[in-house]
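Reader: I am new to this structure. Please show me how to read it, one feature at a time.

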Amino acid sequence: MRPQPALRYVFLLVWFFLIPLAVAWLAVTVLAASEDTDTLSLLGRMALLIKEQPVPAGIAFFTIVEMVLYHYRHQLPLSKHLGVGGRADVPPKLRRDYEHAAQLLDEAARILDRRAEQVKRLVKTSAREELDFALETLRVELERIPFDEAGFEKAYESASVLVDRHLSPWRKSEVREYAESIGVAILVALLLREFVVEAFKIPSGSMLPTLQLQDHIFVNKFAYGPKLRFTDTRLFASLPPKRGDVMVFIYPDPNPDNVRQDYIKRVIALPGDTLAVQDGHPILNGWKVPYCKVGHYDYMEGDDPRQGDLFVEFLGDMSYLTLFQDGERDQFEGPYKVKPGEVWVLGDNRNNSQDSRAWNGGRGGGVPFDNIKGRAMFVWLSSGELTLDRVGLSVMGKPTLPKHDKAELHAAVDRCLKQRPPVSETTPPPPKN
C-alpha cells in the first residue's frame, strides 16, 4: 500500500517542527526563569545568556532537537508506514542504510568534482576505476525496481569501503558535520538578531496599557535600517521614524560611564517640531493632539494597584492608548525644540515614564538617530494570565486592552475608534520657522 502524502506531511510537521518548537520554547522558558544567579556555575551562566538572548538560544535548542529527532527518525511512531526518509518498499531495517548510501553518492560526487586534481594525483588510476565502478553499481541498486535487498547490501558495503579507503582525506567526520550544522544555526540566529529582528523584554510600566510589564516583543531592525556594529554606518537608512511609531533605542545618556540601556517609547515629535505637554497631552507646533476619553482605569503596575484615566490618542494615521494616573493635573512642560538628527519620545503611561521630558536633568532631550535600534512589531510571549490573549498582538495595530479588563472599557475603546477624526484633522501643522 502506498503511503498517503497528506499523512506524511502531518508526520513531518509534528515531529520536525511543532515538537522541536515546543521543546525549544520550554527549555528557554525554564532556564530563563532559573533563580541561579551564580555566574560561576554552568546553570547560572546559561540562564543569564538565555535571559539576554532568548531568540538565538531558542533557535539553537530547536536545531539540536531537530538533529536528534532526525537521527532517530526511523524509530518514530508511524515512520515505517509512511516511507519517511526513503522509498516505501525499502525494508525498515535498511532504511537508514538506504539514506546513507544516497548521501555517500552525493559526497563522493562532490569530492571527485571539487578535488579532481588532488584525487588524480594521489589515487592510482586502477583504484579510481574500481571506485567509479562501485559507485555506479550502488547508484543502479538504489534505483532498482523492485528493490533488491541482497544486491543493495553488497553494493553499499563495497562502495563504503572504497570511498573510505581512497577519499578519506577529503571526507567530513560526523562530529564535524554536527558541529557545522549547530554553528551555522547559531550564526544565522546572530545575523538575524543583528540586522533583521531582535527580541526585547518590556522592563517597566512606562508603556502601559499598550505594553504590559514583562511582555516579550520582536523589534524590526530593518524598519529604519540596521546599523553596522562599531561604525556610524546604517544600511538602507529610513529616518526619521513616523510620529506614533513605537521604537526601541539606546538611552541617550551623555555620560559615557553609564550603562547604555535599551528603552522603548512612542515617537511624538520630529526634527524641527516644537513640543509642549499639557497634563500629559502633547502639543505639536501649537496644535493639541486630539484624543478620546475611554474612562476610569484600575490596573496593576507590577504588584502595585493603580488608578487613572484611559484615553485613545490620534496622531496622523495612528491610534493608540494612553494612561494618566490620578492626581496629575495642571502640569505644563516645555516648549521643547526638536533638533535635526533626533526625535522626541513619550511613554504611553504619561505620568510614569522616563522619557524625553525628564532627560538632561529635567531640561528634556531627544533620541539621536544613531541610538535608534528598530520599530516594535508584536508580542510573542507574555506572562501570567495575559499569555494567551496577548501572544501575536501587534504593538502598532488596533489599540487593544487585555481581555481581563472590564467589558465597558473594551466597548468604550471601540466607540472612540469609530469616532476617530479623519487623518487630515489628526496631522499636526508643519513647524514654524
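**Strands, rings and a patch**

Author: Start with strand 12 and strand 13 (residues 367-368), which pair in the antiparallel sense over two bridges. Strands are DSSP runs of E, at least two residues long, numbered from the N terminus. Two strands pair if DSSP finds at least two bridges between them. Here Glu342 stands opposite Pro368 in strand 13.

Reader: What should I know about the model itself?

Author: This is a predicted model: local features need pLDDT of at least 70, side-chain atom pairs count only at pLDDT 80 or more, and totals for chains, interfaces and linings use all residues. Residues are numbered from 1 along each chain as its sequence is written, and side-chain values use heavy atoms, with hydrogens and water left out.

Reader: Which strand pairs with strand 12 over three bridges?

Author: Strand 4 (residues 262-269) does, in the antiparallel sense. Within that pairing, Val267 has Val345 of strand 12 as its bridge partner.

Reader: Is strand 12 buried or exposed?

Author: Buried means under 20% relative accessible area, exposed over 50%, and partly exposed in between (1.4 Å probe, protein chains only). Five of the five residues of strand 12 (residues 342-346) are buried, so the strand is largely enclosed by the rest of the structure.

Reader: Which residues lie on each side of strand 12?

Author: In a regular strand, side chains alternate between the two faces of the sheet. In strand 12, Glu342, Trp344 and Leu346 are on one side, Val343 and Val345 on the other, and all are buried.

Reader: How many aromatic pairs are there?

Author: Rings of Phe, Tyr and Trp (its six-membered ring) pair if their centres lie within 6.5 Å; planes under 30 degrees apart count as stacked, over 60 as edge-to-face and the rest as tilted. The count comes to 17 aromatic pairs. Take Phe147 and Phe152: their ring centres are 5.4 Å apart and their planes at 45 degrees, so this pair is tilted. Both Phe147 and Phe152 are buried. Tyr297 and Tyr299 are stacked, at 5.4 Å centre to centre with 15 degrees between the planes. Tyr297 is buried, at 3% relative accessible area, and so is Tyr299, at 8%.

Reader: Which residues form one aromatic cluster?

Author: Tyr98, Phe147, Phe152 and Tyr156 do.

Reader: Where is Phe236, and is Phe236 buried or exposed?

Author: Phe236 sits in the loop between strand 2 (216-220) and strand 3 (246-250). Phe236 is exposed, with a relative accessible area of 61%.

Technical notes. Helix = DSSP H or I, 4+ residues; strand = E, 2+ residues; numbered from the N terminus.
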